[in-house]
Amino acid sequence: MTSVHLQSFPTAHPPEIPAVPALGLPWSLAEAQTFHLRGVGRLGRF
């Protein structure tokens, strides 16, 4: 019983998470417009 699992494993470390990209006001306005106009036809936008 003392010879079970004698294999050595590499030490565990937390995953590297990439930094969040900087999103500006033009991007957020385009996202909001896309969200609010979803389901509205082209003629209904005028």
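At 68% relative accessibility, Pro15 counts as exposed, where exposed means over 50% relative accessible area, buried means under 20% and partly exposed covers what lies in between, with a 1.4 Å probe and protein chains only. The model is a predicted one, in which local features need pLDDT of at least 70 and side-chain atom pairs count only at pLDDT 80 or more, while totals for chains, interfaces and linings use all residues. Residues are numbered from 1 along each chain as its sequence is written, and side-chain values use heavy atoms, with hydrogens and water left out.

Pro15 belongs to the segment before H1, and its C-alpha is 29 Å from that of Val4, a residue 11 positions away in sequence.

The secondary structure amounts to 1 helix and 0 strands, helices (H or I, at least four residues) and strands (E, at least two) being DSSP runs numbered from the N terminus. H1 is hardly covered, with 0 buried residues among its 12. Within H1 lies Ala30, which is partly exposed at a relative accessible area of 39%; between Ala30 and Phe46, 16 residues apart in sequence, the C-alpha distance is 18 Å.

For the protein as a whole, buried residues make up 0% of the 46 residues, and the C-alpha trace spans about 80 × 25 × 10 Å along its principal axes.
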